Amino acid sequence: MNARRHNLANVLATGVVAAVLVLTGLFWARSLWGTLRHNWRFHAVPEVRVGWSSPFLWERGNDPNLGAPYVLTARPLPDAPLRAGLGLVQYVLSRMPMGPESYVYRWSLHPDEDCLYYDRTLGQIVYNGTKKVTNLDGKPAIAHFSYYAGPEGVALLPDEKLGRFIDPIVDRFPLRPLIVYDRGLTRFFAIDWTGQAVRKGPELPQDGRHRPVQIGMLEKNQQSLQVMFVQSDKDRSGRHIPASNFMVGPFPMTHRTPVLDASGRIDLLDMDTLELVRSEMHLRAPASLYSRGGIATPKEVAAYSVSPISSRPPGGGGTWTYAGCSVAALSRDGTSVRLDVFDPNGRVVASNETTVPQHVRTGGGGLTLAKLALESLHPPIFLFLSYFPASQFEATAGYRSLLLLPDSFLAMKARDKEGRPIEEFFASMVFMIPALILVLLLAWRVDRDGGRIGLSKNERTAWVAGTVVFGLPAYITYRLTRPKVTPVTCANCGMGRRPDLEKCHHCGSPWVVPELVPPAWRVIGEPEPAEDGSPSEAQPASSPVQ
Amino acid sequence: MLTLIRREIQDNLVYALAPCAVSAMCIGAMIYASFVGVEVAMPAIICSTLLLLASFVGFSILGAAQMYGDRARRISPLLSTLAVTRHRILAARVLVGILAVLLATVPVLATAVILLRMFAPPLEFYRRMVVEIFLTAVLMGTACYSIGLLVGWTTNRAWLILGNFLLLTLCVSLMGVKGFGPEVMLLLLVFIAAVWGRTWHKFTSASL
């Protein structure tokens, strides 16, 4: 390998090492700043609170002053959205059993405990469990059993006749028939393990309007968002209210269970008929910087929590009825929360969200500017490329992204589709100006230093272009791989020149090499006279100019 | 080549064997956890996980010791006077490092697989997780070792310690950023190749 290729390989290797380390360092710096900003917001706006009393059947038409003050609160937890988005946490959530994306729905390391999972090779849902039996000698024992469920039924052994689930999602609530939606078969199923039966719902029309993604417990990053139901034990007239008439929580007490659609719509599934009842309830993202909020898809919010409200009206025979739903959502950057309460017909009856201007108030403004400064240290090419897929990023992708920046100001502005595309593009590019100023400064330094140490024009152009495109990592690479020479003064122009080059890179003059002229005297092999101790006269060597 | 490898192991015997001791402790903790239950053995599991992370530091120290020792005692200039090239010296060094990483991780993997088969329900998700975590750990160990090689080629002790600590922290934190999936494996592979490229250039172009 010649020296040029050897050097190129070294530059590339150094560039990759510098890029990985700089990007990782910048990631943690952004993460630290994001945590500080999030926690500052957490203390500035502790929670979102919603009070309501109207949606309940027995209160309609009554004096609203007699309504009980029911309050729901939602708040982001400190540090949590950022931690929850880390790749390690996401890996655990997606791969570990019982995680939201796992095919293992119930599991224990102990082989004697229940285990429920989808076997992809069989295409069936397998339920391994234990039951207490009595042996022939009358002693109690534990027997293991396995059930295999397909779309056509349940059996004790895997059987082709049971059919195959293609892409199932399940309701994780353990205390009722297992509700399954198969995205391949586009219908709901209810698996009754005790009765060994499977009920099928009607096939959903394949017009793209129904794309369920979650059933029953509708939650995302539940460790990031805390929703609480607070009920006063007295109404406004001071009368005592029995507390057990309401239930707000992830599990509905009625025959209707919520189903989240990929569009963000929340439908209701009738668990008796397995029919999907279309609703007007939606996930709604809170307004934040460069985002006006509004209807959002599940991947557009960092966290959400849907809690069905069940009520048991007096005189209703103790039967729980569906009384609405509360929906809380956390913005992408984890700083704003929105909380909506829907009535049984899907109309919003109460709503509240974090106010927006916190970004520019005292303290918050400084942290926001620091975030912009850190983004400006990112390689400009990756910052620029963050513009194009900005609306495609999953909300928490920014918490584990090294190259593209889904939560940068540029990407936030890119998602804010208000004006014409060309206007939006240039409005987003405004956020690249600090990064461009920085890389131009670095490129100028590289060019000046390259000229000083004698890089050729082509080499300097390549380094300047590399610095403009890749920014800080390219500059560090240059500093690590530039020729390390100590310039000497050129005899012709007086400027510093590299001793390893034949010509001065400033004036082009060669080295002034002294011409070696042999002396006129010679040492001959005759012995010197013993009496003559004085040295023989020698002709002085002629100077090079002679 | 074998002579060079043997010599490298003899010169850095402590650093090469320390990760194996850590590996043995991890295996002990895993076996203990299998018999007494995860909840009871949680302190032992946490300790062994921390020790496994410490073994990444051990790999880095091994790399740094190899290069720093060479630079300080001028081993490679001496060897270059014999019928050995610098490429071979570096290759022998890297092979020893990889061997140390594998010695520390493969027994842990084998034990994990055996114990899961013996004690846990036979589910599909184990396999992929075990393979992904194992491969990420091997690549991370190799990356840490490579950082040691890169930083160790110096005569400045302050840079040796601080640089090693800083780069190691950044490198290991990649696991936190990206988890254990294919993405981090690809990133680590590219990083390792680049560090080796840089080390090879520095080592082979150094003056005698």
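A: A:Asn221 is buried, with 26 other C-beta atoms within 10 Å. Buried here requires 20 or more other C-beta atoms within 10 Å of the residue's own, exposed means 12 or fewer, and partly exposed lies in between, with C-beta atoms placed from the backbone. Phi of A:Asn221 is positive, near 45 degrees, and the residue is not a glycine. A:Asn221 sits in the loop between strand E13 (218-220) and strand E14 (225-231) of chain A. Strands (E, at least two residues) and helices (H or I, at least four) are DSSP runs, numbered from the N terminus.

The model is predicted: local features need pLDDT of at least 70 and side-chain atom pairs count only at pLDDT 80 or more, while totals for chains, interfaces and linings use all residues. Residues are numbered from 1 along each chain as its sequence is written, and chains are lettered from A and ligands numbered from 1 in the order in which they are written.

A:Leu274 also has a positive phi, of about 60 degrees, although it is not a glycine. The residue lies in the loop between strand E17 (265-270) and strand E18 (275-282) of chain A. A:Leu274 counts as partly exposed, with 19 C-beta neighbours inside 10 Å.

A glycine with positive phi occurs in a hairpin: E4(A) and E5(A) have four residues between them, and A:Gly123 in the turn has a phi of about 75 degrees. Strand E4 covers residues 115-119 of chain A, and four of its five residues are buried. E4(A) is joined to strand E5 (residues 124-134) by five bridges, and the two run antiparallel; strands count as paired if DSSP finds at least two bridges between them. A:Leu116 has A:Tyr127 in E5(A) as its bridge partner. E4(A) also pairs with strand E3 (residues 104-106) of chain A, antiparallel and over two bridges, and there A:Val104 stands opposite A:Tyr117.

Elsewhere in chain A, four strands form an open sheet in the order E8-E9-E10-E11, with antiparallel pairing. Between one strand and the next the twist averages 25 degrees, with axes as lines fitted to C-alpha atoms and angles running from 0 to 180 degrees between N-to-C directions. Within this sheet, E9 (residues 178-182) and E10 (residues 187-192) are joined by five bridges, and A:Tyr181 has A:Phe188 as its partner in E10(A).

The domain assignment of chain A, automatic or from a database, gives domain 1 (1-45 + 357-475), domain 2 (46-354) and domain 3 (485-521). The centres of domain 1 and domain 3, taken over C-alpha atoms, are 44 Å apart.

Chain B touches chain A through 26 residues, in contact with 30 residues of chain A; contact means C-beta atoms, placed from the backbone, within 7 Å. Helices H6 (124-152), H7 (157-178) and H8 (182-204) of chain B each supply at least two residues of that side. By class the side has 17 nonpolar, six polar and three charged residues, where Ala, Val, Leu, Ile, Met, Phe, Trp, Tyr, Cys and Pro count as nonpolar, Asp, Glu, Lys and Arg as charged, and the others, Gly among them, as polar.

H7(B) has 22 residues and spans 32 Å from first to last C-alpha, close to the expected 32 Å, which is 1.5 Å times one less than the number of residues. Its buried residues include B:Leu160, B:Asn164 and B:Cys171. B:Gly179, with a positive phi near 80 degrees, follows H7(B).

Definitions and conventions: Two residues are in contact if their C-beta atoms, placed from the backbone, lie within 7 Å.
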